[in-house]
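Dear colleague,

Please find below the structure I am handing over to you.

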Amino acid sequence: MSEGETKGTPGAMLAVPGGMFGGVFMRGGPVADDAAWLHAMLAAEAGLARALERAGLVPAGAGATVTAAAARTADFDLTELSWSSALTGNPVPGLARALTRLVADPAAKSAVHQGATSQDILDTAAMLLACDAIDAAADSLAAAAASAARLADAHRGTLMIGRTLLQQAVPVTFGVVAAGWLAGLDGALDGLASVRATRLAAQLGGAAGTLASLGPAGPQVKSLFAQEVGLLDPPLPWHTERLRIIDVAVAMTRVTAALSKIARDVTLLAQTEIAEVSEGAEPAGPAGHAAPRRGGSSAMPNKNNPVAAVAILGCARQAGGLLATLVASAEQEHQRAAGAWHAEWQPFSHLLQLAVTAAAWARDLLANLTVDPARMAANLHAAGGLPMAERVTALLRESLGGPQAHDLVAIAAGRAASSGAPLLDVLLAASDIADKLTQAGISAAEIERALDPAGYLGASDAFITAALAAHPAS
């Protein structure tokens, strides 16, 4: 291989969005990478130029001229902006200089960055990125919720063992499990919608939050700027009041939290020994590349790992720490923070991307989830009736009293567990237990009915109906 080929191949690989780990952690497309930040910052600069023109502070046509220059994103050198940020502490001064150079009309150059400071552009860009990320996450979540609703309705009567503290408990249905997933997804969607409608605001305050350089026109320009960039117009600049950043972060973390519940359930239910669900469809590979089976292992050809669920959990594990960093960064000094504002940029970007990625994985996971009702029934039957001990105790309580009923069933359950015999056989065959049942007037038929898991589902069906009724798409 020639030197040129050696150098060229890695370069081509690095062009993949997200690099080596992009396939796992940038699913659904990049929403907060360098290109997205550049586009958002230029949108803020262009919106400011148009607002200044509308306020009569720059020549007619200047806004359109600056907007046209800002649209030429390919003319901006990210390497140069990165280098310049080391001189000024952020990339905006270098961006403003580059944009000014690209504005051909000398009269329009004055519209670039007039009245603004770097934080105005970066904070507004952050809100624009949040708009896109929220929309992308919400789209995937809505699709995932539709799949969860379908699963809940389709499996209303699919019996399975419930598990508490990772131990078998009482019977449930897979439908009520999926209804719980649906409720979490709908809650995450509600949070995104609330933040999208009420908390995404433009930031324009100038050097210290007073817009002094714009004189009496400052408040008007602030309002026009918000209109131009499509964000809310806040009552005053929020440059050191960081609750808007935190609110976005919380909404995104709630997304990963809701999805982590689903993903963890899937990883547990997909274990080889349980095998009650499995991940479905295999993805197509990139053009010209083979598409290996999803879930394979580099060492074990037999493996069928739940990749989508694992990827969701990988996203969720990072989200809490990023949120903590953003909350800690809310302590900002005077009119511009020395470091805390700077500490927000990367965790905010990563959190937006992780939420969008997790939601995209969840969309795929729930759309293609394979449910095995027969395996669920087999696992429930293999418990030998022990999960129904609570119901048998309730049956005996009225005749024997609570403590005696509990102790009697506990003895029977212990014998069933140690011998491997079904609980029904132990209850009816052991003379010391059978005599007490006879004295209590409890027949064998009553015991058998009490051990039927289909008759001990409580309000499961009603809860499924309620979850589906609360789901906006139902």
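Among contacts in the protein chain between residues at least 6 apart in sequence, 76% join residues at least 24 apart. Please keep in mind while reading that this is a predicted model.

As for secondary structure, the protein chain has 19 helices and 4 strands. Its radius of gyration is 30 Å, whereas the globule rule gives 23 Å for 474 residues; the value is well over that figure, so the chain is more spread out than a compact globule. The C-alpha trace spans about 100 × 65 × 40 Å along the principal axes of the chain.

Of the 474 residues, 46% count as buried.

Two cysteines illustrate what buried means here. Cys-131 has a relative accessibility of 7%, and it counts as buried because this is under 20%. Cys-315 is also counted as buried, because its relative accessibility is 0%.

How many disulfides does the model contain? A disulfide is a covalent bond between the sulfur atoms of two cysteines. With the rule that the two sulfur atoms must lie within 2.5 Å, the count comes to 0 disulfides.

Finally, on charge, the protein chain carries 31 positive and 42 negative side chains. The centres of these two sets lie 1 Å apart.

Yours sincerely,
A colleague

Terms used
Residues are numbered from 1 along each chain as its sequence is written. This is a predicted model: local features need pLDDT of at least 70, side-chain atom pairs count only at pLDDT 80 or more; totals for chains, interfaces and linings use all residues. Side-chain values use heavy atoms; hydrogens and water are left out. Buried means under 20% relative accessible area, exposed over 50%, partly exposed in between (1.4 Å probe, protein chains only). Helices (H or I, at least four residues) and strands (E, at least two) are DSSP runs, numbered from the N terminus. The radius of gyration is taken over C-alpha atoms; the globule rule is 2.2 Å times the number of residues to the power 0.38. Contact means heavy atoms within 4.5 Å. Lys and Arg count as positive and Asp and Glu as negative; His and the chain ends are not counted. The place of a charge is taken as NZ of Lys, CZ of Arg, CG of Asp or CD of Glu.
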